[in-house]
Each structure stands twice: as C-alpha cells, then as structure tokens.
Amino acid sequence: MSVLENFQKYITKNLNFLKEQKVLIAISGGIDSVVLTHLCHKSGVNIALAHCNFNLRGDESDADEDFVVEFAENLDLEVFTQRFDTEKYAEDNKRSIQMAARELRYDWFSELSEQLQFDCILTAHHADDNLETFLINFTRGTGFEGLTGIPEINGKFVRPLLSFSSGDIENYAKENNIKWRDDSSNKSVKYLRNKLRHEVVPILKEINPSLLQSFQSTLEHLNDTADIVEESTNAVLKRAIDIMDENHVAFKISEFKKVNNSKAYLFEVFKDFGFTAWNDVVGLLNAETGKQVVSSTHRLIKNREHLLLSTIPSKESETIIIAKEETKKETPLGILFFDEADAVVETTRNKIFVDNDKLKFPLKLRKRQEGDVFYPLGMKGKKKLSKYFKDEKLSLLDKENTWLLCSADDIVWVIGKRADDRFKVTKDTEKILKIELKE
C-alpha cells in the first residue's frame, strides 16, 4: 500500500474530523511539511498554509519564504507569511533562539487560527521526531509525560504524520517528484536534537532495524500505564483537596501519607507548578507549620494538617487611598461601602460601625507591615498584629491576604476579622459611619 493510501486510511480511521474542517498547515518549506501538504491536498482536506520567516539565515530564510509562496500558488492554496525578529525576541525575553522561535511560531499560529476561524492546525511531526523527543526528555530526566511521546492531538494542534517515518516521507517525495527546501541548520550537531538525529539514532537503527515499530509499541505501553497513573492520582487528588479559592488550594496531608509512595503522588500532583526539590516537598509532610518550598512561580506551605499551594505574591506593596467624599471603593477583596448610619444595627465579619469624627481622611487600605499594632474591639490595651494572627491560627497565606483599613497610621479594621476599639461608636458619638465589604 502506498504512503498516500496509508495516510488516507489513517485519517479515515483516526482523524476523520479533518475532512469536515477548515485546516491550517504550518509549513517551513522542508520535506516534512511539504509532503504533509501534498497528502492533505490529495486527500481533499480543506487547507491553507502558514509560514514563519525567523530571519535567522539571511537570504536562505527569504528563499524559503519565496518557495512556500510559489508552492502554494502552484497548488492554488491560500498562504499566510509572517516575519519575526527572532534574535531580538530571544534577547528581550531571555530565551534560547530555538525556544524563541517556538514561542513566536505557536503564538502566531494560534492567533491566526482564532482570527480566521481555522478549526485546527497541522504540524508535520513524524515518527522519527517522536523518537528524538523521547530521547531528549530521557537524557534530561523526566516523568511519564516526557516518555509518552508527542501527543497526536493537543488542543487545536494535530499531527497526522506521527505514524509515518522520515523514510516514508522521503520515499513519497521522490516518487512524486516533489521539491522541497533543505534547512542548512539541520546539519549542525551543536543542537541536541540534530546530534541525536545524525549520530545516535542511526546507531540504534543499526542495532534494531525495526526500531521505530518497537518504539511505537513501547509508547503504547507507556501511555496505557500513564492512564493508570492519572486515574490513581485523580482519585487521591479528589480526596486530598479540602479548600480551593482564588488565593490557594489546601490539600489534606493525611491523604498523601496514606499512599504507599508519597513522593510519586506529590510529583504527579505538583509537577506542573515548577517544583524540582522533590525531597524537600516530601519533607513538608512532617515539617513544622510555616515551612515552605518554592518554585519560580508557586509555593507549597505546610500549615498544620494541610499543604497550601499558591502563586508567589508580588513584592510590590499596594496601598489604596480612600477620599472622604467616596461612598464606595473597589478593592481586591470586593467593594467597600461607606454610609452614614443612625445607629449601630448589627456588626458582622464584613460590616462595622465607627465614629466618623475619629477618622483622619484620606483613609488607606494596605497589607500588614512589620511592627503593626492595634486595639482589638472589646479588649483593653493594644496587641501586635503578628500576635493576633498567631492567636487566630491564621496560615501564612491568610496573613498575606489580609487587608487593613487605616486612618493615618492607625488600624481601623482588620478587614473581615476585627475592628479597632479606638474607633468604636460610644454615647458621645455624633456621626456614625457604616463600613461594609461586599465580596
């Protein structure tokens, strides 16, 4: 059976939706994407082409673009091209050239897809690419996800050639007299992928001529096992998640202690949040309250019987000013309302009554600061805010997410928790101000 017949058979069996959709093909001008375009065109798929010029190889990059445009015209296909200053993007965003090109490419494809309503985007990754990706992940160290291969469908991105080898693709191109562009950078072994492609994979194929078929079987077994791991992890996760809000997720430590391999489950649950010090993460299960492990983006904090997952807060100290004439103010907590009242009706967690004449405007809304003290309503004397938080058994995250309403340097209200006794309504109060937070 020819490559075209195998392709059409595979599409019908596994990706039949492509026949009914508006499809965008990412085309470089190289043999893989050119052959993918031919196969789709021959199979009656409704396609258009998208080409990125990364301006990394001078005249060669421009020649690739010209080739793709002419190629599209010969097949009577719509083509979109985009030029990027890849080196500047890499420098500005502290990326490698390869990573910069990848980000620019995929961001533009997604944007194009949204604007012009393409149903999916095809890339020409094939079986050899899959093997190389596996080897790259393997050499760097990875979990199951890194060993289960390139996904055939990932959101809008579809890869119909994953079951075809580079040999299949090259044979089809030669049999059909198809021209393509060779990227000279693909020959350089300074990139890990090229080094594996030119120096390692040929040896593996020499050892086992059926390497790709064996590798495909291995991938199927690994994916089956990955499904079992995911199912087991989700079961633990369902029992472990205790609280989930906009600030954090709280996990019951007891659920991780029940399983046979806590480290494995912790890895599966928290691997997508950038953590790498897995022994330290495991150590949190028996650590003292307040102990934490951080990644570049998130924190895991031990708080009594829970692990608290949150994003790392901004170091910028935010202060919100509230003028005397304002009757409402939007805040990160919700909307604060300021209304005159005839009497103290009912004080709640989100509603207090104060003596308006004791306030010094403008009021300030801020987070806690070192050395903060206040006079808790109903108590005699002052108390350090840190001591109050400790007595209230607030977690580190609760402390960080608590806001203070202040008059000059004095705390009027630890919002949602306790008002200050100095500003309470008395028999001598002439003007009562009701302050209410509506979330």
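Which element gives the most to the lining of the second largest pocket? Strand β11 does, with 5 residues.

## Basis of the model

This is a predicted model, in which local features need pLDDT of at least 70 and side-chain atom pairs count only at pLDDT 80 or more, while totals for chains, interfaces and linings use all residues. Residues are numbered from 1 along each chain as its sequence is written, and side-chain values use heavy atoms, with hydrogens and water left out.

## The second largest pocket

The second largest pocket holds about 1,400 Å³ of space. On a 1 Å grid over the protein atoms alone, a pocket is an open set of points where a 1.4 Å probe fits, with protein on both sides within 12 Å along at least five of seven lines, whereas a cavity is a set from which the probe cannot get out; lining residues have an atom within 4 Å of a point. Grid points are joined across faces, edges and corners, and the volume is the space filled by probe spheres set on the points.

Of the 46 residues that line this pocket, Asn247, Leu397, Glu400, Asn401 and Thr402 are the closest to its centre. Two or more lining residues come from each of β8 (249-252), β10 (298-303), β11 (306-311) and α15 (396-400), where helices (H or I, at least four residues) and strands (E, at least two) are DSSP runs numbered from the N terminus. Sorted by class, the lining has 15 nonpolar, 15 polar and 16 charged residues, with Ala, Val, Leu, Ile, Met, Phe, Trp, Tyr, Cys and Pro counted as nonpolar, Asp, Glu, Lys and Arg as charged, and the others, Gly among them, as polar.

## Salt bridges

The count comes to 31 salt bridges, each being a side-chain nitrogen of Lys or Arg within 4 Å of a carboxyl oxygen of Asp or Glu. One of them pairs glutamate 145 with lysine 271, with the closest N and O atoms 3.3 Å apart. This pair links distant parts of the chain, 126 residues apart, since glutamate 145 belongs to helix α7 (residues 144-147) and lysine 271 to the loop between α12 (262-270) and α13 (278-283). Lysine 271 also meets glutamate 268 in a salt bridge, at 2.8 Å from N to O.

Glutamate 145 counts as exposed at 53% relative accessibility, on a scale where buried means under 20% relative accessible area, exposed over 50%, and partly exposed in between (1.4 Å probe, protein chains only). Lysine 424 and aspartate 421 form another salt bridge, at 3.5 Å from N to O; here lysine 424 is partly exposed at 35%, while aspartate 421 is buried at 18%. Elsewhere, salt bridges that share partners join Arg57, Glu60, Asp64, Arg181 and Asp183 into one network.

## Cysteines

The structure holds 0 disulfides, a disulfide being a pair of cysteine sulfur atoms within 2.5 Å. For cysteine 120, the closest cysteine sulfur is that of cysteine 40, and because the two lie 9.0 Å apart they are too far for a bond. Cysteine 120 is buried, with a relative accessible area of 2%, and cysteine 406 is buried at 0%.

## Two further residues

Threonine 331 lies in strand β13 (residues 328-331) and is buried, with a relative accessible area of 13%. Leaving aside neighbours within four places in sequence, threonine 331 is in contact with Ile320, Leu336, Leu365 and Leu437, contact meaning heavy atoms within 4.5 Å.

Glutamate 206, by contrast, is exposed at 66% relative accessible area and has its place in helix α9 (residues 192-207).
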